[in-house]
Amino acid sequence: MAMPLDRALAAARAAPDVFLTVTGERARREADRLAPASGQEALYGATVSWKDMIALEGVVTTAGSKTRLNTPAAPEDAGVVRRAAAAGLITIGTTNLSEFAFSGIGQNPHFGTPLIAGRVPGGSSSGAAASVARGMVRLAVGTDTAGSCRVPAAFHGLFGFRPTRGRYPMTGVLPLAPDYDTVGLITCTARDLLDLDAILSGDADEPESAPRIWLDQYATARARSEVADAVRSAVEAAHRQGFAMAQKPRSLLSDAMDMIAQHGWPGGADAAALYDDLLQSEAVAQVDPLVAARLQRAARLSPDEMAKLRTSAADLRGRWPAPDTLIALPTVPFGAPLAEPLLSDPETYARINQQALSLTMPASLLDLPAVTLPVGQTAAGQWIGLQLVGAPHCDRALLMAACKLERDLELKGLCP
(Lines give C-alpha, C1' and ligand atoms only; values in the text may rest on other atoms or scores of the structure.)
Protein backbone atom coordinates (compact mmCIF):
# COMPACT_ATOMS: atom_id res chain seq x y z
CA MET A 1 0.00 0.00 0.00
CA ALA A 2 1.11 3.57 -0.61
CA MET A 3 2.54 5.66 2.22
CA PRO A 4 0.68 8.51 3.97
CA LEU A 5 1.15 11.78 2.11
CA ASP A 6 3.88 13.34 4.27
CA ARG A 7 5.92 10.13 4.28
CA ALA A 8 5.42 9.74 0.54
CA LEU A 9 6.69 13.25 -0.16
CA ALA A 10 9.70 12.75 2.11
CA ALA A 11 10.48 9.40 0.48
CA ALA A 12 10.16 10.92 -3.00
CA ARG A 13 12.58 13.74 -2.11
CA ALA A 14 15.03 11.16 -0.77
CA ALA A 15 14.93 9.15 -4.02
CA PRO A 16 16.20 11.38 -6.87
CA ASP A 17 16.74 8.28 -8.98
CA VAL A 18 12.96 7.74 -8.84
CA PHE A 19 11.48 11.26 -8.72
CA LEU A 20 12.90 14.05 -10.87
CA THR A 21 10.45 16.59 -9.40
CA VAL A 22 8.44 16.44 -6.17
CA THR A 23 5.33 18.62 -6.17
CA GLY A 24 4.80 18.91 -2.43
CA GLU A 25 2.78 22.16 -2.41
CA ARG A 26 0.49 20.88 -5.14
CA ALA A 27 -0.01 17.57 -3.36
CA ARG A 28 -1.03 19.26 -0.14
CA ARG A 29 -3.43 21.60 -1.96
CA GLU A 30 -5.06 18.66 -3.69
CA ALA A 31 -5.29 16.74 -0.42
CA ASP A 32 -6.80 19.72 1.38
CA ARG A 33 -9.52 20.03 -1.27
CA LEU A 34 -10.72 16.45 -0.83
CA ALA A 35 -14.24 15.98 0.48
CA PRO A 36 -15.00 13.28 3.06
CA ALA A 37 -14.30 9.90 1.48
CA SER A 38 -17.74 8.37 2.10
CA GLY A 39 -19.45 7.56 -1.19
CA GLN A 40 -16.48 8.56 -3.34
CA GLU A 41 -14.96 6.50 -6.11
CA ALA A 42 -12.46 3.73 -5.29
CA LEU A 43 -9.36 5.79 -6.13
CA TYR A 44 -10.53 9.08 -4.62
CA GLY A 45 -7.57 10.54 -2.70
CA ALA A 46 -5.07 8.04 -4.12
CA THR A 47 -1.54 9.27 -4.78
CA VAL A 48 -0.16 9.21 -8.34
CA SER A 49 3.16 9.83 -10.05
CA TRP A 50 3.67 11.00 -13.63
CA LYS A 51 6.49 9.98 -15.95
CA ASP A 52 8.52 13.00 -16.96
CA MET A 53 7.10 12.92 -20.48
CA ILE A 54 3.74 14.15 -19.15
CA ALA A 55 3.27 17.87 -18.48
CA LEU A 56 2.61 19.19 -14.99
CA GLU A 57 1.84 22.88 -14.79
CA GLY A 58 4.89 24.87 -13.69
CA VAL A 59 7.30 21.93 -14.10
CA VAL A 60 9.91 21.49 -16.83
CA THR A 61 9.22 18.29 -18.77
CA THR A 62 12.72 16.88 -19.19
CA ALA A 63 12.09 13.51 -20.87
CA GLY A 64 14.99 12.37 -18.71
CA SER A 65 17.44 14.45 -20.75
CA LYS A 66 19.87 17.20 -19.77
CA THR A 67 19.24 18.70 -23.21
CA ARG A 68 15.78 19.79 -22.02
CA LEU A 69 16.66 21.26 -18.63
CA ASN A 70 16.44 24.83 -19.93
CA THR A 71 13.13 24.44 -21.75
CA PRO A 72 10.19 26.48 -20.39
CA ALA A 73 8.03 25.00 -17.66
CA ALA A 74 4.73 23.56 -18.83
CA PRO A 75 2.01 26.24 -18.94
CA GLU A 76 -0.71 23.75 -18.04
CA ASP A 77 -1.30 20.15 -17.07
CA ALA A 78 -1.50 17.41 -19.67
CA GLY A 79 -5.01 16.17 -20.47
CA VAL A 80 -4.61 12.97 -18.43
CA VAL A 81 -3.36 14.95 -15.44
CA ARG A 82 -6.44 17.20 -15.57
CA ARG A 83 -8.71 14.16 -15.62
CA ALA A 84 -6.90 12.63 -12.66
CA ALA A 85 -7.09 15.85 -10.64
CA ALA A 86 -10.81 16.19 -11.35
CA ALA A 87 -11.29 12.65 -9.99
CA GLY A 88 -9.55 13.48 -6.71
CA LEU A 89 -6.10 11.93 -7.31
CA ILE A 90 -3.12 13.55 -5.59
CA THR A 91 -0.03 14.25 -7.69
CA ILE A 92 3.30 13.56 -5.96
CA GLY A 93 5.63 14.51 -8.81
CA THR A 94 7.38 13.42 -12.01
CA THR A 95 9.35 10.20 -12.33
CA ASN A 96 12.64 9.22 -13.93
CA LEU A 97 12.93 7.35 -17.21
CA SER A 98 15.30 6.24 -19.92
CA GLU A 99 16.33 9.33 -21.86
CA PHE A 100 13.59 10.37 -24.34
CA ALA A 101 11.73 7.17 -23.29
CA PHE A 102 13.87 5.23 -25.77
CA SER A 103 15.02 2.10 -23.93
CA GLY A 104 13.51 -1.05 -22.51
CA ILE A 105 16.29 -1.29 -19.92
CA GLY A 106 15.46 1.80 -17.85
CA GLN A 107 18.91 3.28 -17.33
CA ASN A 108 19.57 7.02 -16.97
CA PRO A 109 23.20 8.12 -16.52
CA HIS A 110 22.18 11.76 -15.94
CA PHE A 111 19.75 11.41 -13.04
CA GLY A 112 20.50 7.90 -11.79
CA THR A 113 18.91 4.53 -12.43
CA PRO A 114 16.40 3.13 -9.88
CA LEU A 115 17.94 -0.33 -9.74
CA ILE A 116 16.26 -3.41 -8.28
CA ALA A 117 18.95 -4.78 -5.96
CA GLY A 118 21.66 -4.27 -8.60
CA ARG A 119 19.42 -5.26 -11.50
CA VAL A 120 17.99 -3.00 -14.19
CA PRO A 121 14.46 -1.71 -13.55
CA GLY A 122 13.08 -2.01 -17.08
CA GLY A 123 12.07 0.96 -19.16
CA SER A 124 11.48 3.33 -20.22
CA SER A 125 9.06 4.02 -17.33
CA SER A 126 11.61 2.95 -14.71
CA GLY A 127 10.80 5.60 -12.11
CA ALA A 128 7.07 5.04 -12.55
CA ALA A 129 7.41 1.36 -11.63
CA ALA A 130 9.83 2.11 -8.79
CA SER A 131 7.47 4.71 -7.31
CA VAL A 132 4.78 2.04 -6.93
CA ALA A 133 7.12 -0.81 -6.01
CA ARG A 134 8.66 1.24 -3.18
CA GLY A 135 5.25 2.19 -1.83
CA MET A 136 5.63 5.93 -2.50
CA VAL A 137 2.42 6.12 -4.56
CA ARG A 138 -0.55 3.89 -5.22
CA LEU A 139 -0.68 4.65 -8.95
CA ALA A 140 1.86 5.51 -11.64
CA VAL A 141 1.20 6.86 -15.11
CA GLY A 142 3.85 6.47 -17.77
CA THR A 143 4.04 6.07 -21.51
CA ASP A 144 4.18 2.82 -23.48
CA THR A 145 5.38 3.00 -27.06
CA ALA A 146 7.00 -0.42 -27.44
CA GLY A 147 6.56 -1.86 -23.95
CA SER A 148 7.69 0.97 -21.71
CA CYS A 149 5.11 0.33 -18.97
CA ARG A 150 4.74 -3.42 -19.40
CA VAL A 151 8.47 -4.23 -19.14
CA PRO A 152 9.20 -2.34 -15.88
CA ALA A 153 5.92 -3.56 -14.39
CA ALA A 154 6.96 -7.14 -15.15
CA PHE A 155 10.46 -6.66 -13.71
CA HIS A 156 9.01 -5.20 -10.47
CA GLY A 157 6.22 -7.75 -9.94
CA LEU A 158 3.48 -5.21 -10.70
CA PHE A 159 0.50 -4.87 -13.05
CA GLY A 160 0.95 -2.75 -16.18
CA PHE A 161 -1.35 -1.71 -19.01
CA ARG A 162 -0.96 -0.44 -22.55
CA PRO A 163 -4.31 0.86 -23.90
CA THR A 164 -5.46 1.16 -27.47
CA ARG A 165 -4.05 4.36 -28.96
CA GLY A 166 -6.37 7.34 -28.54
CA ARG A 167 -8.07 5.92 -25.47
CA TYR A 168 -6.48 8.58 -23.28
CA PRO A 169 -5.82 12.18 -24.32
CA MET A 170 -2.23 12.78 -25.47
CA THR A 171 -2.29 16.58 -25.15
CA GLY A 172 0.70 17.67 -23.10
CA VAL A 173 2.55 14.35 -23.55
CA LEU A 174 5.93 14.63 -25.27
CA PRO A 175 6.06 12.40 -28.35
CA LEU A 176 8.60 9.73 -29.13
CA ALA A 177 6.97 7.86 -32.01
CA PRO A 178 3.52 9.44 -32.46
CA ASP A 179 2.10 6.52 -34.45
CA TYR A 180 2.81 4.17 -31.52
CA ASP A 181 2.82 6.33 -28.37
CA THR A 182 0.27 5.71 -25.65
CA VAL A 183 -0.08 6.73 -22.03
CA GLY A 184 0.28 3.59 -19.90
CA LEU A 185 -0.47 2.56 -16.31
CA ILE A 186 1.39 0.73 -13.51
CA THR A 187 -0.29 -0.35 -10.27
CA CYS A 188 -0.22 -2.96 -7.50
CA THR A 189 -3.50 -4.58 -8.57
CA ALA A 190 -5.50 -5.28 -11.69
CA ARG A 191 -8.50 -3.63 -10.05
CA ASP A 192 -6.55 -0.39 -9.71
CA LEU A 193 -5.74 -0.60 -13.44
CA LEU A 194 -9.45 -0.94 -14.18
CA ASP A 195 -10.42 1.99 -11.96
CA LEU A 196 -7.61 4.26 -13.21
CA ASP A 197 -8.50 3.42 -16.80
CA ALA A 198 -12.08 4.56 -16.11
CA ILE A 199 -10.79 7.92 -14.83
CA LEU A 200 -8.44 8.58 -17.73
CA SER A 201 -10.70 7.25 -20.50
CA GLY A 202 -14.15 8.25 -19.21
CA ASP A 203 -15.27 4.66 -19.88
CA ALA A 204 -16.43 2.93 -16.70
CA ASP A 205 -18.09 -0.04 -18.41
CA GLU A 206 -17.50 -3.42 -16.76
CA PRO A 207 -18.56 -5.85 -19.47
CA GLU A 208 -19.58 -9.38 -18.64
CA SER A 209 -17.34 -11.68 -20.63
CA ALA A 210 -16.09 -15.24 -20.77
CA PRO A 211 -12.85 -14.78 -22.69
CA ARG A 212 -10.89 -17.49 -24.41
CA ILE A 213 -7.15 -17.53 -23.79
CA TRP A 214 -4.88 -18.67 -26.59
CA LEU A 215 -1.35 -19.47 -25.47
CA ASP A 216 1.04 -18.49 -28.25
CA GLN A 217 3.54 -21.36 -28.16
CA TYR A 218 5.94 -19.76 -30.65
CA ALA A 219 6.26 -16.55 -28.65
CA THR A 220 6.38 -18.39 -25.32
CA ALA A 221 9.21 -20.58 -26.54
CA ARG A 222 11.29 -17.44 -27.13
CA ALA A 223 11.48 -16.97 -23.35
CA ARG A 224 13.87 -18.65 -20.96
CA SER A 225 12.55 -21.97 -19.71
CA GLU A 226 11.54 -20.90 -16.19
CA VAL A 227 9.70 -17.87 -17.60
CA ALA A 228 7.93 -19.97 -20.22
CA ASP A 229 7.02 -22.60 -17.61
CA ALA A 230 5.52 -19.98 -15.27
CA VAL A 231 3.43 -18.50 -18.08
CA ARG A 232 2.17 -21.92 -19.18
CA SER A 233 1.32 -22.82 -15.58
CA ALA A 234 -0.63 -19.58 -15.11
CA VAL A 235 -2.67 -20.16 -18.28
CA GLU A 236 -3.37 -23.77 -17.27
CA ALA A 237 -4.45 -22.57 -13.82
CA ALA A 238 -6.79 -20.08 -15.49
CA HIS A 239 -8.27 -22.95 -17.50
CA ARG A 240 -8.94 -24.87 -14.28
CA GLN A 241 -10.76 -21.79 -12.98
CA GLY A 242 -13.13 -21.80 -15.94
CA PHE A 243 -11.39 -19.84 -18.69
CA ALA A 244 -11.60 -21.48 -22.10
CA MET A 245 -8.04 -22.20 -23.19
CA ALA A 246 -6.21 -23.41 -26.26
CA GLN A 247 -2.55 -23.74 -27.10
CA LYS A 248 -1.78 -22.40 -30.55
CA PRO A 249 1.47 -23.02 -32.45
CA ARG A 250 1.41 -19.38 -33.57
CA SER A 251 -0.77 -16.27 -33.44
CA LEU A 252 -0.93 -12.87 -35.10
CA LEU A 253 1.55 -11.73 -32.47
CA SER A 254 4.06 -14.32 -33.69
CA ASP A 255 3.64 -12.97 -37.20
CA ALA A 256 4.15 -9.41 -35.97
CA MET A 257 7.24 -10.49 -34.04
CA ASP A 258 8.75 -12.02 -37.17
CA MET A 259 7.95 -8.91 -39.20
CA ILE A 260 9.78 -6.70 -36.70
CA ALA A 261 12.75 -9.08 -36.57
CA GLN A 262 13.00 -9.03 -40.37
CA HIS A 263 12.38 -5.36 -41.11
CA GLY A 264 13.02 -3.43 -37.89
CA TRP A 265 10.87 -1.42 -35.47
CA PRO A 266 9.04 1.45 -37.20
CA GLY A 267 8.65 3.28 -33.91
CA GLY A 268 12.43 3.51 -33.83
CA ALA A 269 12.46 5.09 -37.27
CA ASP A 270 9.86 7.61 -36.09
CA ALA A 271 11.92 8.44 -33.00
CA ALA A 272 15.07 8.91 -35.07
CA ALA A 273 13.23 11.29 -37.38
CA LEU A 274 11.85 13.24 -34.42
CA TYR A 275 15.32 13.68 -32.92
CA ASP A 276 17.23 14.07 -36.17
CA ASP A 277 18.19 17.70 -35.49
CA LEU A 278 19.57 16.74 -32.09
CA LEU A 279 21.51 13.81 -33.54
CA GLN A 280 23.13 16.16 -36.08
CA SER A 281 24.05 18.80 -33.48
CA GLU A 282 26.83 19.16 -30.95
CA ALA A 283 24.25 18.65 -28.19
CA VAL A 284 24.20 14.93 -29.00
CA ALA A 285 27.33 14.72 -26.81
CA GLN A 286 25.04 15.33 -23.80
CA VAL A 287 22.80 12.35 -24.66
CA ASP A 288 23.19 8.93 -23.05
CA PRO A 289 25.53 7.23 -25.57
CA LEU A 290 23.51 3.99 -25.39
CA VAL A 291 20.33 5.86 -26.34
CA ALA A 292 22.10 7.97 -28.98
CA ALA A 293 23.52 4.84 -30.61
CA ARG A 294 20.08 3.23 -30.72
CA LEU A 295 18.59 6.35 -32.34
CA GLN A 296 21.43 6.41 -34.89
CA ARG A 297 20.85 2.75 -35.78
CA ALA A 298 17.14 3.40 -36.16
CA ALA A 299 17.87 6.32 -38.50
CA ARG A 300 19.32 3.81 -40.98
CA LEU A 301 16.07 1.85 -41.31
CA SER A 302 14.69 1.90 -44.85
CA PRO A 303 11.65 4.18 -45.28
CA ASP A 304 10.29 1.83 -47.95
CA GLU A 305 10.62 -1.17 -45.62
CA MET A 306 8.90 0.74 -42.83
CA ALA A 307 6.02 1.71 -45.12
CA LYS A 308 5.54 -1.92 -46.18
CA LEU A 309 5.65 -3.04 -42.56
CA ARG A 310 2.98 -0.55 -41.53
CA THR A 311 0.68 -1.76 -44.30
CA SER A 312 1.25 -5.39 -43.37
CA ALA A 313 0.60 -4.61 -39.70
CA ALA A 314 -2.73 -2.95 -40.51
CA ASP A 315 -3.79 -6.01 -42.50
CA LEU A 316 -2.69 -8.32 -39.71
CA ARG A 317 -4.60 -6.38 -37.06
CA GLY A 318 -7.79 -6.81 -39.08
CA ARG A 319 -7.45 -10.60 -38.77
CA TRP A 320 -7.79 -10.75 -34.97
CA PRO A 321 -9.67 -14.02 -34.30
CA ALA A 322 -12.66 -12.76 -32.21
CA PRO A 323 -13.48 -9.99 -29.72
CA ASP A 324 -13.52 -12.46 -26.79
CA THR A 325 -10.10 -13.96 -27.59
CA LEU A 326 -7.05 -13.04 -25.52
CA ILE A 327 -3.59 -14.11 -26.59
CA ALA A 328 -1.17 -15.06 -23.81
CA LEU A 329 2.61 -14.89 -23.93
CA PRO A 330 5.41 -13.79 -21.59
CA THR A 331 5.85 -10.07 -21.08
CA VAL A 332 9.66 -10.27 -21.12
CA PRO A 333 11.71 -13.35 -22.05
CA PHE A 334 13.74 -13.17 -18.81
CA GLY A 335 13.84 -11.65 -15.34
CA ALA A 336 15.56 -8.35 -14.68
CA PRO A 337 19.26 -8.68 -15.67
CA LEU A 338 22.17 -7.50 -13.55
CA ALA A 339 23.00 -3.89 -14.40
CA GLU A 340 26.80 -3.75 -14.40
CA PRO A 341 27.60 -6.24 -17.18
CA LEU A 342 24.71 -4.93 -19.24
CA LEU A 343 25.39 -1.20 -19.01
CA SER A 344 29.16 -1.49 -19.36
CA ASP A 345 29.09 -3.18 -22.78
CA PRO A 346 27.25 -1.40 -25.65
CA GLU A 347 26.90 -4.59 -27.72
CA THR A 348 25.39 -6.52 -24.81
CA TYR A 349 23.11 -3.60 -24.03
CA ALA A 350 21.83 -3.38 -27.62
CA ARG A 351 21.14 -7.12 -27.75
CA ILE A 352 19.41 -7.36 -24.36
CA ASN A 353 17.42 -4.17 -24.96
CA GLN A 354 16.04 -5.62 -28.18
CA GLN A 355 15.20 -8.90 -26.47
CA ALA A 356 13.53 -7.13 -23.53
CA LEU A 357 11.09 -5.44 -25.92
CA SER A 358 10.70 -8.33 -28.36
CA LEU A 359 7.49 -9.71 -26.82
CA THR A 360 5.82 -6.36 -26.11
CA MET A 361 6.49 -4.73 -29.49
CA PRO A 362 3.99 -6.91 -31.40
CA ALA A 363 0.94 -5.55 -29.51
CA SER A 364 2.26 -2.03 -30.04
CA LEU A 365 2.82 -2.60 -33.74
CA LEU A 366 -0.77 -3.86 -34.11
CA ASP A 367 -2.20 -1.24 -31.70
CA LEU A 368 -3.78 -3.77 -29.37
CA PRO A 369 -4.51 -3.36 -25.65
CA ALA A 370 -2.13 -5.40 -23.49
CA VAL A 371 -1.76 -6.05 -19.78
CA THR A 372 1.00 -7.70 -17.74
CA LEU A 373 0.30 -9.66 -14.56
CA PRO A 374 2.88 -11.03 -12.07
CA VAL A 375 2.70 -14.83 -12.12
CA GLY A 376 5.85 -16.01 -10.37
CA GLN A 377 9.55 -15.60 -9.84
CA THR A 378 12.69 -17.14 -11.25
CA ALA A 379 14.95 -19.32 -9.14
CA ALA A 380 17.07 -16.21 -8.51
CA GLY A 381 14.02 -14.24 -7.35
CA GLN A 382 13.28 -12.08 -10.41
CA TRP A 383 9.62 -11.48 -11.23
CA ILE A 384 7.91 -13.06 -14.23
CA GLY A 385 5.11 -11.36 -16.13
CA LEU A 386 2.23 -12.94 -18.06
CA GLN A 387 1.15 -10.69 -20.92
CA LEU A 388 -2.45 -10.83 -22.16
CA VAL A 389 -3.28 -9.07 -25.41
CA GLY A 390 -6.86 -8.22 -26.30
CA ALA A 391 -8.83 -7.50 -29.43
CA PRO A 392 -8.82 -3.99 -30.96
CA HIS A 393 -10.61 -1.48 -28.69
CA CYS A 394 -11.61 -4.19 -26.19
CA ASP A 395 -9.69 -2.52 -23.38
CA ARG A 396 -12.30 -2.87 -20.64
CA ALA A 397 -12.95 -6.53 -21.44
CA LEU A 398 -9.21 -7.20 -21.21
CA LEU A 399 -8.94 -5.42 -17.86
CA MET A 400 -11.99 -7.27 -16.53
CA ALA A 401 -10.31 -10.55 -17.51
CA ALA A 402 -7.14 -9.43 -15.69
CA CYS A 403 -9.21 -8.70 -12.57
CA LYS A 404 -10.79 -12.14 -12.73
CA LEU A 405 -7.38 -13.79 -13.11
CA GLU A 406 -6.04 -11.74 -10.21
CA ARG A 407 -8.88 -13.03 -8.00
CA ASP A 408 -8.99 -16.61 -9.24
CA LEU A 409 -5.24 -17.19 -9.21
CA GLU A 410 -4.66 -15.02 -6.10
CA LEU A 411 -1.97 -13.01 -7.88
CA LYS A 412 -0.17 -10.74 -5.42
CA GLY A 413 3.10 -9.87 -7.09
CA LEU A 414 5.37 -7.54 -5.16
CA CYS A 415 2.60 -5.76 -3.27
CA PRO A 416 0.98 -7.23 -0.15
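This is a predicted model: local features need pLDDT of at least 70, side-chain atom pairs count only at pLDDT 80 or more; totals for chains, interfaces and linings use all residues.
**Stop 1: Asp144**

Start by selecting Asp144, which sits in the loop between strand E4 (139–143) and helix H5 (150–156). Is Asp144 buried or exposed? Its relative accessibility is 0%, so Asp144 counts as buried.

Now show the side chains around it. The side chain of Asp144 makes a polar contact of 2.9 Å with the side chain of Arg150. A polar atom of the Asp144 side chain also lies 2.9 Å from the backbone nitrogen of Gly147. Leaving aside residues up to four places away in sequence, Asp144 touches several others, including Cys149, Arg162, Tyr180 and Ser364.

**Stop 2: Tyr180 and its partner**

From Asp144, hop to Tyr180, one of the residues Asp144 touches. The structure holds 2 aromatic pairs. One of them is formed by Tyr180 and Trp265, with 5.0 Å from centre to centre and 45 degrees between the planes, so look for a tilted arrangement.

**Stop 3: charges over rings**

Next, select Tyr218 and Arg222. Arg222 lies over the face of the Tyr218 ring, 3.8 Å from the ring centre. Then try Trp214 with Lys248: here Lys248 lies over the ring face, at 4.4 Å from the ring centre.

**Stop 4: the cysteines**

Colour the cysteines and look for a bridge. A disulfide is a covalent bond between the sulfur atoms of two cysteines. How many disulfides does the structure hold? There is 1, and it joins Cys188 to Cys415, with 1.8 Å from S to S. Turn the view to see the link: at -60 degrees about the S-S bond, it is left-handed. Cys188 lies in the loop between E6 and helix H6 (190–201) and Cys415 in the segment after helix H17 (395–408), so the bond ties together parts that are 227 residues apart in sequence. Both Cys188 and Cys415 are buried.

Cys149 counts as buried because its relative accessibility is 0%. For Cys394, the closest cysteine sulfur is in Cys403, 16 Å away, and that is too far for a bond too.

How values were computed
Residues are numbered from 1 along each chain as its sequence is written. Side-chain values use heavy atoms; hydrogens and water are left out. Helices (H or I, at least four residues) and strands (E, at least two) are DSSP runs, numbered from the N terminus. Buried means under 20% relative accessible area, exposed over 50%, partly exposed in between (1.4 Å probe, protein chains only). A polar contact is a pair of N or O atoms within 3.5 Å; within protein, one must be able to donate a hydrogen and the other to accept it, and residues adjacent in sequence count only if both atoms are side-chain atoms. Contact means heavy atoms within 4.5 Å. Rings of Phe, Tyr and Trp (its six-membered ring) pair if their centres lie within 6.5 Å; planes under 30 degrees apart count as stacked, over 60 as edge-to-face and the rest as tilted. A charge sits over a ring if NZ of Lys or CZ of Arg is within 6 Å of the ring centre and within 35 degrees of the ring normal. A disulfide is a pair of cysteine sulfur atoms within 2.5 Å.
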